[in-house]
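Please work through the exercises below with the sequence and the structure side by side, trying each task before reading its solution.

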Amino acid sequence: MTLLYKADPVRGALWAERFAQLAPQIPFRVWPDLGDPAAIRYLVAWQPGDLALTLPNLDVVFSVGAGVDQLDLSQIPAHLPVVRMIEPGIVDGMVEYVTEAVLAIHRDLFDYALQQQARVWQPKPLRAAASRRIGVLGLGMLGTAVLDHLQLFGFACAGWSRSQHRIEGVDCYAGDESLDAFLARTDVLICLLPLTDATRRLLGRRVFDTLPRGASLVHVGRGPQLDSAGLIDALERGQLHSAVLDVTDPEPLPADHPLWAQPRVRITPHIASATRPESAVDAVLENLRLFHAGERMNGQIDRTRGY
Ligand code: NDP
Ligand code: OXD
């Protein structure tokens, strides 16, 4: 019953250490050191390639991250459960990143950064948080955690998802038919949607033009959800004020990409959040317990939905 890990090797060493402490009975191997392929029952990976097709006795495929779009599901036999990562480290990182981005927008730090470059000392009026309308696309593990924290500042909070949610203090919108109403009341749009056929290129001209003029975007979902030419156009027309992008298409963003030169765009290299090895091992072990008890694992994805 060997577990094979195929992701960042530095973090792999931390996974191996924790596994040795908590589950010494499960041999832990780091790709490409497969040992006997027939002994591998569990695969933990970011991009497994075609490994799941070639390991004859595999039982479960775990994504090392919260998203699963980086897995090519056609390369994972249909009978194998695929499980995304649900653990507190990813949530903490995302809450920190999005809170900082929203506060930077709310407190006009994009404008002050430009003023600093021009050596201009020009205060702007302070705006109450209650008058700033935050809207989160995606009310899953991350979207709800982000909203829980943003509510503490007093922002007017709303969220949008596929199915109807109920979250105290948050106006919850559901389904395509409510998207326009959700956007029309949103000053800071945060994208925490999984990448699927339905969300690819969702963040484009139509969405930007439905937001109030001068709105901002915080994009922490996946790069292909954003039409970057549409974003640049919306910024240049003044329809959007600013954008914080943690994900781009492609990644890394090429040095000559026009997004780099946008004065009100802040780009980070997909670091908003990351799986914390210690708690991730705990999550995988709990899921293995559930799997062997014949129960559904936490984060087991629905292949037909794609997330
Ligand atoms: P979840 O699966 O828990 O939540 C996804 C949410 O999106 C759900 O509320 C779901 O609706 C909603 N949704 C999905 N498709 C649609 C659609 N077509 N229309 C409306 N709503 C939709 O995901 P997480 O919160 O854990 O993660 C979200 C994403 O964040 C990940 O998939 C990944 O892409 C990204 N991420 C980025 C990181 C970074 O560092 N930048 C780190 C970690 C994750 P419903 O509730 O009705 O099912
Ligand atoms: C993830 C990510 O999906 O790091 O966990 O993007």
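This is a predicted model: local features need pLDDT of at least 70, side-chain atom pairs count only at pLDDT 80 or more; totals for chains, interfaces and linings use all residues.

Residues are numbered from 1 along each chain as its sequence is written, chains are lettered from A and ligands numbered from 1 in the order in which they are written, and side-chain values use heavy atoms, with hydrogens and water left out.

**Exercise 1.** Find the residues that surround ligand 2, and then its polar contacts, meaning pairs of N or O atoms within 3.5 Å.

*Solution.* Begin with the shell, where a residue is near if one of its heavy atoms lies within 4 Å: Trp46, Gly65, Ala66, Gly67, Arg222, His270 and Ser273 surround ligand 2. Next, take the side chains: an oxygen atom of ligand 2 is 2.7 Å from an N or O atom of Arg222, and an oxygen atom of the ligand is 2.6 Å from an N or O atom of His270.

**Exercise 2.** Describe how the rings of Tyr173 and Phe182 are arranged.

*Solution.* Start from the rule that rings of Phe, Tyr and Trp (its six-membered ring) pair if their centres lie within 6.5 Å, with planes under 30 degrees apart counted as stacked, over 60 as edge-to-face and the rest as tilted. By this rule there are five aromatic pairs. The rings of Phe19 and Phe28 have centres 5.1 Å apart and planes at 40 degrees, so this pair is tilted. For Tyr173 and Phe182 the centres are 5.7 Å apart and the planes at 65 degrees, so the pair is edge-to-face.

Technical notes
A polar contact is a pair of N or O atoms within 3.5 Å; within protein, one must be able to donate a hydrogen and the other to accept it, and residues adjacent in sequence count only if both atoms are side-chain atoms.
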